[in-house]
Amino acid sequence: MKCRQIRQGSKRRWLGPTLVTIGITLASAIAGAPPAHAAISDCYNKPAYGCWWSGANGTGDRYQIPITGGNKWCSINDLGTIGWNDRITSIYNNTRHDMYFFIRGGRVGDYYTLKGGHSVSDLNSTFDNKISSVVWYCESSV
Ligand SMILES: [Ca+2]
């Protein structure tokens, strides 16, 4: 009787952590996996002034800036209004002009400049997940 109790206890100590580990691994795989095709190049040849993503290298959620024309500077003063405050990590600029990403809302304070036709695969720690407003040039076509 004494020996049996010891064996059962021993089994629980080994199985418990194993099952917890398997559970965590499965949850991470399901929640964290981006679509296999996700990449910055997904925004090339799109009718868009550019794209940005919540993750590095064009992974995670994507926002595509719609073409509105007008040949004028355009902006989003508060990215929170479209659910993007403090989330941007990678960006592609599909215009021929610089694009400006500000840490604060209202296009003030420190900003990151992304040249026309360029991309950034992973913003540095000064700007990653800290962008709150953005300015770009609304060309008549891209
Ligand atoms: Ca992010």
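Two strands are taken to pair if DSSP finds at least two bridges between them. Strands are DSSP runs of E with at least two residues, numbered from the N terminus.

This is a predicted model, in which local features need pLDDT of at least 70 and side-chain atom pairs count only at pLDDT 80 or more, while totals for chains, interfaces and linings use all residues. Residues are numbered from 1 along each chain as its sequence is written.

The protein chain averages a pLDDT (the predictor's confidence in each residue, from 0 to 100) of 84, and 75% of the residues score at least 70. Over residues 1-7, pLDDT stays under 50 and the model has 0 contacts beyond four places in sequence; a contact requires C-beta atoms, placed from the backbone, within 7 Å.

An open sheet of 4 strands has the order 3-8-5-6 with antiparallel pairing. Its edges are strand 3 (72-76) and strand 6 (111-114), each pairing on one side only. Within this sheet, methionine 99 stands opposite leucine 114 in strand 6.

Strand 1 (residues 48-53) is mostly covered, with 5 of its 6 residues buried, that is, having 20 or more other C-beta atoms within 10 Å of their own, C-beta atoms being placed from the backbone. Tryptophan 52 has tyrosine 63 in strand 2 as its bridge partner, and glycine 50 has asparagine 93 in strand 4.

| Strand | Partner | Bridges |
|---|---|---|
| Strand 1 | Strand 2 (residues 62-66) | 5 bridges |
| Strand 1 | Strand 4 (residues 90-93) | 4 bridges |
| Strand 5 (residues 99-102) | Strand 6 | 4 bridges |

Note on methods
Contact = placed C-beta atoms within 7 Å. Buried ≥ 20, exposed ≤ 12 C-beta atoms within 10 Å, placed from the backbone.
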